[in-house]
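User: Could you walk me through this structure? I am new to reading side chains and helices, so please take it slowly.

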Amino acid sequence: MQKDKDLSGDRDWDRFNGIGMTSPRARARMVAQLREKGIHDETVLAAMNAVPRHIFVEESLASRAYDNTPLPIGYNQTISQPWVVARMTELARQGKKLRSVLEIGSGSGYQTAVLALVADRVYTVERIGVLVAKARRHLRDLKLTNVAIKHGDGSATMDELLQVDAIVVTAGATALPEALLEHLEIGGRMVVPLAEEGNPERQRLTVIERTATGFKEETLDPVRFVPLLPGTA
Ligand code: SAH
């Protein structure tokens, strides 16, 4: 397998390397699968190759961390499937370096970590307090100092001055979270799993791009996400 560029910097992530199913080889096999399944952005693939996904799941599930599957993280929530994380990051990037990204639904913090390697600054919001605490610990262990994680309802109003060049919503919306679009710079885009009208079970990755004159919408891959919910827990 070709040697990918190393995005982990001087954060000393080698100390997380396990053996067997949690080894760098297992992660490289996952990346090879992502390539086969149509992920082409080399920067995204390098980020997926760098972040140790196994530290974001319970120890009893660590041996499955590099399977292309979502896994439970407690509280009825899941860490997203690697392909979905890669695809959303690729769609958010559009081949360009990201300055700032807003993520709604930090969950385990895994997608946050991937975003932190491809963006200068990441803001992430999670409604479940216990998950915020866990994700914060993992992001700190990884020395990802360019991430701000907050406990709150991401579909409610945010700091109105926040302007980002991408928003990644990692929970399924039944209606477009329009309030969030205010935070997009012109040329920026929101990636959101959006349910088909009247059918919350059928979601598709949807990209909304802010143009100089309005918004452009594109409907892409079918996906399955836990629901975007109001309020905090
Ligand atoms: N990106 C996560 C995926 C977690 S699943 C990961 O890689 O692990 C989706 C997460 O969205 C859940 O943790 C859920 O609690 C959270 N969520 C749902 N609605 C939300 C809202 N309105 N604001 C913030 N977080 C929300």
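Analyst: We can go through ring pairs, charged pairs, helix packing and backbone angles in turn. Please keep in mind that this is a predicted model.

User: Okay, how many aromatic pairs does a search of the whole structure find?

Analyst: The search of the whole structure turns up one aromatic pair. Its members are Phe 56 and Tyr 110, whose ring centres lie 5.7 Å apart with the planes at 65 degrees, so the pair is edge-to-face. Planes over 60 degrees apart count as edge-to-face, which is why the angle settles the label.

User: What lies over the face of Tyr 110?

Analyst: That is Arg 53, which is placed over the face of the Tyr 110 ring at 5.5 Å from the ring centre.

User: Switching to charges, how many salt bridges does the count come to?

Analyst: The count comes to 11 salt bridges. As background, side chains of opposite charge can pair when their charged atoms come close. One of the bridges joins the side chains of Asp 12 and Arg 15, with 3.4 Å from N to O. Asp 12 is partly exposed at 43% relative accessibility, and Arg 15 is also partly exposed, at 44%.

User: Which helix holds both Arg 87 and Glu 90?

Analyst: Both lie in helix α3 (residues 82-93), where they are three residues apart, or about one turn of the helix.

User: What else is linked with Arg 87 and Glu 90 in a network of salt bridges?

Analyst: Asp 221 is linked with them, and together Arg 87, Glu 90 and Asp 221 form a network of salt bridges.

User: What about Asp 120, which side chain does it meet in a salt bridge?

Analyst: The side chain of Asp 120 meets that of Lys 97, with 3.1 Å from N to O. Asp 120 lies in strand β4 (residues 119-126) and Lys 97 in the loop between α3 and β3 (98-104), so this pair ties together parts that are 23 residues apart in sequence. Asp 120 is partly exposed, with a relative accessible area of 41%, whereas Lys 97 counts as exposed at 57% relative accessibility.

User: Now the helices: at what angle do α3 and α4 pack?

Analyst: Two packed helices are described by the angle between their axes and the distance between the axes. For α3 and α4 the angle is about 35 degrees and the axes are 10 Å apart. In this arrangement α3 passes α4 in a right-handed crossing.

User: Which residues in α3 and α4 meet there?

Analyst: On the α3 side they are Val 85, Met 88, Thr 89 and Arg 93, and these meet Tyr 110, Gln 111, Val 114, Leu 115 and Val 118 in α4. Tyr 110, then, is part of this helix contact as well as of the aromatic pair with Phe 56.

User: How many of the residues of α4 are buried?

Analyst: Nine of the nine residues of α4 are buried, so α4 is largely enclosed by the rest of the structure. Among them are Thr 112, Ala 113, Ala 116 and Leu 117.

User: Can we look at a strand too? What is Gln 77 in contact with, leaving aside its neighbours within four places in sequence?

Analyst: Gln 77 is in strand β2 (residues 77-79), and with those neighbours left aside its contacts are Leu 71, Pro 72, Ile 128, Leu 131 and Val 226. Gln 77 is buried, with a relative accessible area of 17%.

User: Last topic, the backbone: what is phi of Asp 12 near?

Analyst: Most residues other than glycine have a negative phi, and most peptide bonds are trans. Phi of Asp 12 is near 60 degrees, a positive value in a residue other than glycine. Asp 12 is found in the segment before α1 (24-36). Lys 143 also has phi near 60 degrees, and its place is in the loop between α5 (129-141) and β5 (147-151). Lys 143 counts as partly exposed, at 41% relative accessibility.

Terms used:
Residues are numbered from 1 along each chain as its sequence is written. This is a predicted model: local features need pLDDT of at least 70, side-chain atom pairs count only at pLDDT 80 or more; totals for chains, interfaces and linings use all residues. Side-chain values use heavy atoms; hydrogens and water are left out. Rings of Phe, Tyr and Trp (its six-membered ring) pair if their centres lie within 6.5 Å; planes under 30 degrees apart count as stacked, over 60 as edge-to-face and the rest as tilted. A charge sits over a ring if NZ of Lys or CZ of Arg is within 6 Å of the ring centre and within 35 degrees of the ring normal. A salt bridge is a side-chain nitrogen of Lys or Arg within 4 Å of a carboxyl oxygen of Asp or Glu. Buried means under 20% relative accessible area, exposed over 50%, partly exposed in between (1.4 Å probe, protein chains only). Helices (H or I, at least four residues) and strands (E, at least two) are DSSP runs, numbered from the N terminus. Contact means heavy atoms within 4.5 Å. Axes are lines fitted to C-alpha atoms, for helices over the stretch in contact, and angles run from 0 to 180 degrees between N-to-C directions. A crossing is left-handed if the near helix is turned anticlockwise from the far one by less than a right angle, and right-handed if clockwise.
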